[in-house]
Amino acid sequence: MAAISEKAKGQQRLIVSVSPHIRSEVTVSKIMWTVSASLLPALVMGVYFFGPKALGIVALCVVSSVVFEHLIGKAIGKPGTISDGSAFLTGLLLGMNLPASLWSINPFMLHVPILGSLFAIVITKLLFGGLGYNIFNPALMGRAFLLVSWPRAMTTWLAPTATFVGLDAKTTATPLGILKEEGVGKLMEIFGTKGNLYLHLLIGDRAGSIGEVSVLALLIGGLFLLYKKYITWHIPISFLATVGVVVWIFGGKDPATGHLVLFTGDPVMHLLSGGLMLGAFFMATDYVTGPQLRSAQVIFGIGCGLITCLIRLLGGFPEGVMFAILLMNCFAPLIDRAVKSKPFGFREVKA
Amino acid sequence: MPTFAGGVHPPDKKELSESKQITPLKAPDRVVVLLRQHIGAPAKAAVSIGDEVKIGTVVGRPEGFVSAPVHSSVSGKVIAIGEFPTAMGRPAEAVVIENDGKEEWAELKEDPAFMDLPPEQIKEKIKAAGIVGMGGATFPTAVKLSPPKEKTVDVVIVNGAECEPYLTADHRLMVERPSDVINGLRLIMRSLGVKKGFVGIEDNKPDAIAGMRKAASAFQDVEVVSMQVKYPQGAEKMLIKAITGREVPPRALPMDVGVVVQNVGTTVAVYEAVRFGKPLIERVVTVTGEGIREPKNLMARIGSLVSGLIDECGGFSAQVAKVVAGGPMMGFALSSLDVPVTKGTSGILVLPEEGIFHADEFKPCIRCSRCVDVCPMGLTPGLLSVLAEKGRYEEAKEHNLFDCFECGSCAFVCPSKRPIVQLVRLAKSMVKP
């Protein structure tokens with residue numbers, strides 16, 4: 001009887017650690033790679049409409065992000081973080097947030113995506129302590145940095161061609177840009193009917209950032225993440241609903257006078273345009289830079305929606321999703337603190 | 001189906017041992033009876049080296065109100081009294097008895113009218129039998145059955161959730177001895193003057209539910225409730241919420257909402273103590289896990305060594321990394337197999353190297369909210385772990401640190417594999433509640 005246990009004891013030392021002794025299979029890298037995979041449909045559509053240039057931009061961002069993460073991470077004493085997939089995802093998101101027109105040799109523009117990656121990975125993330133400690137969404141900070149540094153290049157949009165042979169693709173404005181500069185009349189002139197406009201926006205056959213154009217593809221990826229429970233409805237739905245409602249109330253103008261007419265806005269056009277779907281499902285839902293409590297996330301989403309509308313309807317830029325998310329990133333910890341979780345069985349003490 | 005908010009679904013792994021009938025473990029040549037097998041003051045040795053004892057002889061007398069006696073689980077001679085390694089890591093005082101193999105009982109007298117005993121006598125018998133909560137918390141049962149006068153208890157719940165993965169000890173008792181469980185429940189109800197009793201069982205034990213329902217069918221005041229399978233359904237507060245809808249406030253006890261909860265094993269022990277005067281000298285221990293050759297549900301004497309239980313089950317079948325006393329979610333990892341089975345040992349879980357997560361390979365919190373979603377107590381475990389890591393213990397306390405009962409759901413789901421329970425325990429040890 002004693003022999004077996006003697007043998008067992010002699011064979012190995014037992015590991016002693018605090019419970020629990022089993023762990024779920026989900027890991028940080030599994031999450032990051034799954035989110036990256038869920039962006040694939042939108043990327044494929046972007047490349048389909050804007051050609052190999054689009055793929056080049058995204059690849060450049062991914063490679064430079066991963067390289068910066070490796071080199072600078074090593075230099076500041078945080079090595080070995082590439083495999084967690086977060087640098088890949090940041091590069092992918094940054095690339096998908098850029099116009100394909102940046103793939104240009106004359107004038108030379110290829111340094112732009114690389115510097116964006118540098119800003120995203122090194123300044124926004126690593127210098128704040130690495131994954132988990134950054135305050136702002138790295139990809140969006142990278143994009144914001146580029147937008148203020150190279151405003152012309154960052155708003156030069158290729159027209160969707162869906163051909164891989166066209167060498168000199170035409171440039172054009174985004175639907176939101178047209179709406180802002182020339183009004184809804186011009187949009188109707190280009191697309192004919194509202195239905196046709198919506199269809200183009202849904203499929204992604206319009207000017208814009210590489211990864212934002214195809215709403216359909218983004219929805220497929222977003223629903224997949226919801227199904228996998230990697231994200232929850234709280235941020236995307238409150239974000240989208242706020243934009244829809246505010247635009248419906250305040251987004252309509254009298255075509256003749258240009259004065260605000262309440263309850264005549266076009267929420268569908270706004271929901272399908274710009275970077276809203278990409279932002280609501282893939283950027284505002286970034287764990288690190290958003291609130292942790294579900295009720296706080298709803299407030300966060302509403303805040304994102306309000307700021308987006310403020311910029312789109314009243315601001316100088318046609319699109320405001322990026323600034324909205326970055327601004328709300330600042331407030332994420334504060335919202336968490338304000339709503340504070342109630343422990344089980346907790347009852348307010350009545351005065 | 002009744003349940004609570006939050007919780008996790010770890011693979012239940014019950015199939016390893018759920019169909020194995022309870023078999024007796026041969027009384028070992030030597031038992032190590034710890035004097036502290038319960039929450040509260042340790043018992044005081046009541047025997048001396050060289051004393052002859054029988055099965056059921058008191059070897060440790062309770063000290064104070066919250067305490068319990070301990071009894072010899074074999075007949076033989078006391079050969080040592082002193083510090084002995086325990087499952088919890090710290091050595092503790094124990095009485096070591098050499099078995100003479102005669103299996104003589106000190107005193108065992110059946111009371112045919114056991115169901116008609118007055119409440120005080122029932123409690124006396126439970127107290128004398130040294131019965132404590134056998135689900136792992138080991139709170140002295142007699143104390144639980146003596147609420148202060150101002151608290152009215154109107155519901156007794158038998159906890160048949162057995163929500164810890166792998167463990168099947170309570171499951172087997174409910175399948176094999178359903179009427180003993182019901183009798184024990186009705187004795188507890190009688191001792192408290194309570195008119196309503198429940199047995200809460202998770203839905204993954206249909207045979208236990210069916211058996212218990214049949215045994216309970218004769219009694220109007222007892223109801224068997226089938227609950228959703230979810231960890232930690234068997235935590236007292238979660239069980240009470242699922243069955244009665246009542247929420248036990250933070251820092252309060254079940255009796256504050258009129259409920260007393262007893263484990264299945266405890267309930268059977270109550271029945272045996274009241275009917276036969278049998279002290280708590282043995283219990284069902286599930287020996288299971290992927291690293292054991294033949295998983296079993298053993299009726300083991302208190303004081304048997306874990307190594308003996310493992311030998312009885314054919315020894316290890318694989319390179320073993322961890323041996324856990326209790327379940328995988330809240331059990332204690334053993335550093336030695338020469339520790340004794342106590343009244344609270346519900347299982348011995350043998351986990352092989354593969355599938356083991358090494359605790360030092362954790363990453364920073366990415367604030368993914370998974371822990372917030374699963375925490376049955378409505379806390380923010382990730383934040384608590386970060387505050388503990390940074391030494392901000394007082395701040396952790398403001399975030400309801402002491403409401404955490406360390407179920408481990410947060411650490412189970414954490415994608416960064418953070419040792420959240422360990423960090424919470426650290427914080428708890430650094431501040432006053």
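Of the 351 residues of chain A, 49% count as buried, a residue being buried if 20 or more other C-beta atoms, placed from the backbone, lie within 10 Å of its own, exposed if 12 or fewer do, and partly exposed in between. The model is a predicted one, in which local features need pLDDT of at least 70 and side-chain atom pairs count only at pLDDT 80 or more, while totals for chains, interfaces and linings use all residues. Residues are numbered from 1 along each chain as its sequence is written, and chains are lettered from A and ligands numbered from 1 in the order in which they are written. The model scores ipTM 0.93 and pTM 0.93. For chain B, the mean pLDDT (the predictor's confidence in each residue, from 0 to 100) is 95, and 100% of the residues reach 70 or more.

Chain A contains 17 helices and two strands; here helices (H or I, at least four residues) and strands (E, at least two) are DSSP runs, numbered from the N terminus. Along the principal axes, the C-alpha atoms of chain A fill a box of roughly 95 × 65 × 35 Å. Two residues are taken to be in contact if their C-beta atoms, placed from the backbone, lie within 7 Å. Among contacts in chain A between residues at least 6 apart in sequence, 72% join residues at least 24 apart.

Five residues of domain 1 of chain B are in contact with five residues of domain 2 of chain B. On the domain 1 side of this contact, the residues divide into five nonpolar, no polar and no charged. In this classification Ala, Val, Leu, Ile, Met, Phe, Trp, Tyr, Cys and Pro count as nonpolar, Asp, Glu, Lys and Arg as charged, and the others, Gly among them, as polar.

An open sheet of four strands in chain B has the order E11-E10-E9-E12, with parallel pairing; two strands pair if DSSP finds at least two bridges between them. Strand E11 (222–227) and strand E12 (259–263) of chain B are the edge strands, each pairing on one side only. From one strand to the next, the twist averages 25°. Strand E9 (residues 155–160) of chain B pairs with E12(B) in the parallel sense over five bridges, and Val156(B) stands opposite Val260(B) in E12(B).

What do the buried residues of H5(B) pack against? Their neighbours are E9, helix H3 (169–176), helix H4 (178–192), strand E10 (196–202) and E11 of chain B. In helix H5 (residues 206–216) of chain B, the buried residues include Ile209(B), Met212(B) and Ala216(B).

Elsewhere in chain B, strand E2 (residues 30–34) is mostly covered, with four of its five residues buried. E2(B) pairs with strand E8 (residues 92–99) of chain B in the antiparallel sense over five bridges, where Val32(B) stands opposite Val96(B) in E8(B).

Finally, the contact between the chains takes 58 residues from chain B and 35 residues from chain A. Helix H8 (306–312), strand E15 (320–325), helix H12 (409–413) and helix H13 (420–430) of chain B each supply at least two residues of the side of chain B that touches chain A. The largest share of that side, five residues, comes from E15(B). By class, the side of chain B that touches chain A has 35 nonpolar, 14 polar and nine charged residues.

Terms used
Axes are lines fitted to C-alpha atoms, for helices over the stretch in contact, and angles run from 0 to 180 degrees between N-to-C directions.
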